[in-house]
Amino acid sequence: MHETHNSPASAGKALEFLAFRLGHEEYGVDIQKVQELRGYDTVTRIANAPEHIKGVVNLRGIIVPIVDMRIKFKLGAPSYDQFTVVIILNIASRVMGMVVDSVSDVITLDTDQVRPAPEMGALLDTEYLIGLGTLDDRMLILVDIDKLMSSSDMALINAAAAQ
């Protein structure tokens, strides 16, 4: 029995991903969703927000919720230093920030370099993954950022930020 995946990887063209690190793993997000990269700044906390939502920042007049991906993916206590990067994403006409340990480069993957994500158990919800990208000796966990950021806890941010 052969499954077909209607993922962007099945379109038959090269995909570009921004590679970033969280803990010991390397991840990738679709470069077209990335608006800009910033250093980690102080954020304004939102009352009653889930732990992984650090708060909001004012980015040129736009209130941008900031999500700490280490907390979201349960990867231990985050530490913020000069390498910490906030990836500003533009998702479904919404701007959000994602805190990661560091950003390395932009990589181009052909469709044959993207494999379906294996079942990871409860550790990481595979519905948020496009798959695994392989390039030489690197393996990137490709995150479907639209799905991740449109999940129910993200609706809480919008409600809280609107107050």
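Q: Where is Thr84 placed?
A: In this predicted model, Thr84 sits in the loop between α1 (69-72) and β6 (85-91).

Q: Buried or exposed, this Thr84?
A: Thr84 is buried, and its relative accessible area is 4%.

Q: What does the side chain of Thr84 reach?
A: It reaches the backbone nitrogen of Asp81, at 2.9 Å.

Q: Which residues is Thr84 in contact with, leaving aside neighbours within four places in sequence?
A: Those contacts are Arg38, Gly39, Tyr40, Ser79, Val99, Val100 and Asp101.

Q: Now to charged pairs. Which residue forms a salt bridge with Asp101?
A: Arg70 does, and the closest N and O atoms are 3.2 Å apart. Asp101 lies in the loop between β7 (94-100) and β8 (102-109) and Arg70 in helix α1, so the pair ties together parts 31 residues apart in sequence. Both Asp101 and Arg70 are buried.

Q: How many salt bridges does the structure hold?
A: There are seven salt bridges. One of them joins the side chains of Glu26 and Arg138, at 2.6 Å from N to O. Because Glu26 belongs to strand β2 (residues 25-30) and Arg138 to strand β11 (residues 138-143), this pair ties together parts that are 112 residues apart in sequence.

Q: And how accessible is Glu26?
A: Glu26 is buried, with a relative accessible area of 10%, whereas Arg138 is partly exposed at 22%.

Q: What about Lys33 and Asp146?
A: They form a salt bridge with the closest N and O atoms 3.0 Å apart. Lys33 lies in the loop between β2 and β3 (34-39), and Asp146 in helix α2 (residues 145-149).

Key
Residues are numbered from 1 along each chain as its sequence is written. This is a predicted model: local features need pLDDT of at least 70, side-chain atom pairs count only at pLDDT 80 or more; totals for chains, interfaces and linings use all residues. Side-chain values use heavy atoms; hydrogens and water are left out. Helices (H or I, at least four residues) and strands (E, at least two) are DSSP runs, numbered from the N terminus. Buried means under 20% relative accessible area, exposed over 50%, partly exposed in between (1.4 Å probe, protein chains only). A polar contact is a pair of N or O atoms within 3.5 Å; within protein, one must be able to donate a hydrogen and the other to accept it, and residues adjacent in sequence count only if both atoms are side-chain atoms. Contact means heavy atoms within 4.5 Å. A salt bridge is a side-chain nitrogen of Lys or Arg within 4 Å of a carboxyl oxygen of Asp or Glu.
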